[in-house]
Amino acid sequence: MNKPRADLPPVDAEVWSLVESFVEGTATEEQCRRLETHLRSDESVRQFYVAYLDLHAQLQWRTRGKSDRAAESAAVVTVVETSTATSAVKSHRRLLWSSLAAICSLTTAAIVFLTISLPRRGPEDAETPDLPLKPAGSVAVLIDNSAPVWEAGTSGPMKTGSYLLPGRLRLKSGIVEIAFDRGGDILLEGPADFDVSAVDRGFLHRGKLTAKSSQPGSSFFVNMPGAVTNIEGECGLLYDSTGHAEVHVFAGEVRADPTDASGAALPGGQLIENAAAAIDPSQRTFAPLPINAVAFARLRPEVRLIDAAVRDGAHASENFGAAPELVVKNSIAGYSWETFLRFDLSGVKGPIREAAVRLMPLKVGQPMENSAATVASNDAWSEQAITWDTRPPSGQTITTWNVSSLAPVEFGITQQVREALAGDKRLALRIFAPNRKRGSAYVQYGSREGDPNLRPQLIITPSVDTQVRLSPHGIRMGSGIFGGTKFDSQGIDFAAKDSRPLSFAMTSFRYASRTFPLLPDNTRLVVTRKDN
C-alpha cells in the first residue's frame, strides 16, 4: 500500500478546522451543521472530507500500539523495510493488513459521507409539516377579515389564504383583506366590485376600500373609472354607482391622475397629502373635501400584521407566505423552520401601558423551547417574497418559552412597542427554536391567512388617563374611541345635548376582546365633545 500522504484537496481554513474537529469528536452542534452545509454545496469539500478520513484511518493503523513519539515519527516518515525473506513475509503481511485497513477507511468515509450528504428518510419526513407553495401566476392572497358574503356567480377561490390570480371579486357584504405580492394591502368593504389586476395594482369598479403600501419607498396603484391613484402611504377610496369618486389620504401621499378610456394617465393630476378630494373623472377636476376618517374607520385597524414561515435546505428559495400555519423547528438541513412577524403600529394612538404578543399553537410535537428576537425595522421583507435565503437577520433574543401543549403563548414586548411607536411604528420579530432537536420537535402556530380566531395578535393595553371623545350627535360608549382606538364599555349611553364636559364612573372597559380594570385613582374619566 502507498504511504500516507498529506497532499489533500485544497480547502479553506474553516473547512479544514470543521473536518478536523468532527473527526476528533470535539465539534459542537453548530460546527456539525456548518460542515453539513459545506458538504451539500461543494464537491471539493466532499473530496477533501473523504480523503481526510482515509488519511486519518491509515495513520491510525500504522501507529497502532506505538508510543506517542513513535506514532508521530511513523506519521511523517516511511518505515524502511529489510530485504530478508523473513522481513519480506512480514512486509507482505503488513501490506495485506494495510490494504484491508485502507478499504475499511474508505468504506467508512463513504458511509459517513452518504449519511450526512444524502436526504434522510424516516421520522423527520413524517414529522415536518409541508406547507402549500405559491402557484405560478398568482399576484395576491385573500384573507377573510369580517364575515364576507360573496355575490352569486363570483368565481375563483374565496377561502382565506387562497392565492389569487388576476380576476374580479364581487363582495356582497362584510370585509376582506387582499395582500398583494409587492407589499400593497387592501381592506375592501361590501358591497363592492374589485379587480385584482397585478402584483402591485387593482381596480375599484364600485365600493369602498382602504389601501396601504406596506413597503417603504414602494408604490401601489388602484384605478377607478376615469382615475388612477399612486399610493405611497395610506388612503381611503370610494366610488359609488353614480360615478362619484373620493380619495382620503391618512398618511404619506397619493398621486391622483385622470385617465383616458384605456386607463392611461392624463395631465391635470394632483399630489394629495393629509387631505381629501372629490374626483370628477369626466371633467378631470378635483374638489377639496374634509378628511372623513369615520367613514373608513372599519377599514383602518389599529395594528396591521404580516407573517410568514421559511424553510431551509432544498426549500430555502421557496415562499410560504400564504400558508395557514407558521412553523418553528430546529433540525437537520432541509427540515428546519423559522417564523417572521411584522406589526404596523401606525394606527395606535396615545401612550400604552402594556403590550404582549399572543400566538396560538395548532399542533405541538415533542416539548421544545421557542424564542423571539427583534428584527431591524429597516430590513424590508415582503410576506409573499420572503424565503430562508432572503430572511433578515435578528438581534438579541428578548424572551424564551417552553411549548408542550395547545395553550396560547403570550410574551411581553412593552418596551419594544414603545420604541417602535417613538420611531417608524414598525415592529418585526423572528420566532425560532434556539436548540437543535431531532424528530417531532416542532410547533405549528396559526397565521393570519388561517382561522381568524387563531391568528397572531398584538395585545395593547392603553394608558387609562386618555380622554374619551364623543361626536356632536352623541354616541354609544360601546362604539366609542379610547386613546384613538375602538373599545366597548358597559353599554353606557351619552347624548350630546349638553355642551358641558361630562364625567362618569367606570370600573372597567373592554378592548380587543379583553376586560381591563381601571385603577382606583383612575375610575373617573372626563368626556369632552369633539366636533370633527
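Is I178 buried or exposed? I178 is buried, with a relative accessible area of 0%; here buried means under 20% relative accessible area, exposed over 50%, and partly exposed in between, with a 1.4 Å probe and protein chains only. This residue is found in strand β3. Not counting residues up to four places away in sequence, I178 touches A140, V141, L142, L164, L169, G184, D185, I186, F194 and V196, where contact means heavy atoms within 4.5 Å. I178 and N145 are 33 residues apart along the chain, and their C-alpha atoms are separated by 9.7 Å.

This is a predicted model, in which local features need pLDDT of at least 70 and side-chain atom pairs count only at pLDDT 80 or more, while totals for chains, interfaces and linings use all residues. Residues are numbered from 1 along each chain as its sequence is written, and side-chain values use heavy atoms, with hydrogens and water left out.

## The chain as a whole

The secondary structure of the chain comes to seven helices and 29 strands. Helices (H or I, at least four residues) and strands (E, at least two) are DSSP runs, numbered from the N terminus. The chain has 532 residues, and buried residues make up 45% of them. Among contacts with a separation of 6 or more, 65% are accounted for by residues 24 or more positions apart.

L209 lies in strand β5 (residues 201–213). Leaving aside neighbours within four places in sequence, L209 is in contact with I186, L187, L188, F194, L204, C235, G236, L237, F296 and L299. From L209 to L187 the distance is 22 residues in sequence and 5.5 Å in space, C-alpha to C-alpha.

## One side of helix α7

Which residues of helix α7 (residues 414–422) are buried? They are T414, V417, A420 and L421. These residues lie on the same side of α7 because they cover an arc of only 130° around the axis, the arc being that of the directions from the helix axis to the C-beta atoms. An α-helix has 3.6 residues a turn, so residues three or four places apart point the same way. The cover over the buried residues of α7 includes β15 (352–359), β19 (409–412), β20 (426–432) and β22 (457–462).

## Aromatic rings and charges

Rings of Phe, Tyr and Trp (its six-membered ring) pair if their centres lie within 6.5 Å; planes under 30 degrees apart count as stacked, over 60 as edge-to-face and the rest as tilted. By this rule the model has seven aromatic pairs. One of them joins F250 and F296 in an edge-to-face arrangement, at 5.9 Å centre to centre and with 65° between the planes. This pair links distant parts of the chain, 46 residues apart: F250 is in strand β8 (residues 245–258), and F296 is in the loop between β11 (285–289) and β12 (304–311). F250 counts as buried at 13% relative accessibility, and F296 is buried with a relative accessible area of 1%. Another pair, W401 and F411, is stacked, with 4.8 Å centre to centre and 15° between the planes.

A charge sits over a ring if NZ of Lys or CZ of Arg is within 6 Å of the ring centre and within 35 degrees of the ring normal. R300 lies over the face of F250, at 4.0 Å from the ring centre.

## Pockets and cavities

On a 1 Å grid over the protein atoms alone, a cavity is a set of points where a 1.4 Å probe fits but cannot get out, and a pocket is an open set with protein on both sides within 12 Å along at least five of seven lines; lining residues have an atom within 4 Å of a point. Grid points are joined across faces, edges and corners, and a volume is the space filled by probe spheres set on the points. The second largest pocket has a volume of about 560 Å³. It is lined by 24 residues, of which E30, R33, D312, N330 and W388 are the closest to its centre. α2 gives the most to this lining, with seven residues.

There are two cavities of 30 Å³ or more. The largest cavity has a volume of about 240 Å³, and of the 21 residues that line it, G183, D185, S214, I306 and R342 are the closest to its centre. At least two residues of this lining come from each of β3 (167–180), β4 (184–198), β12 and β14.
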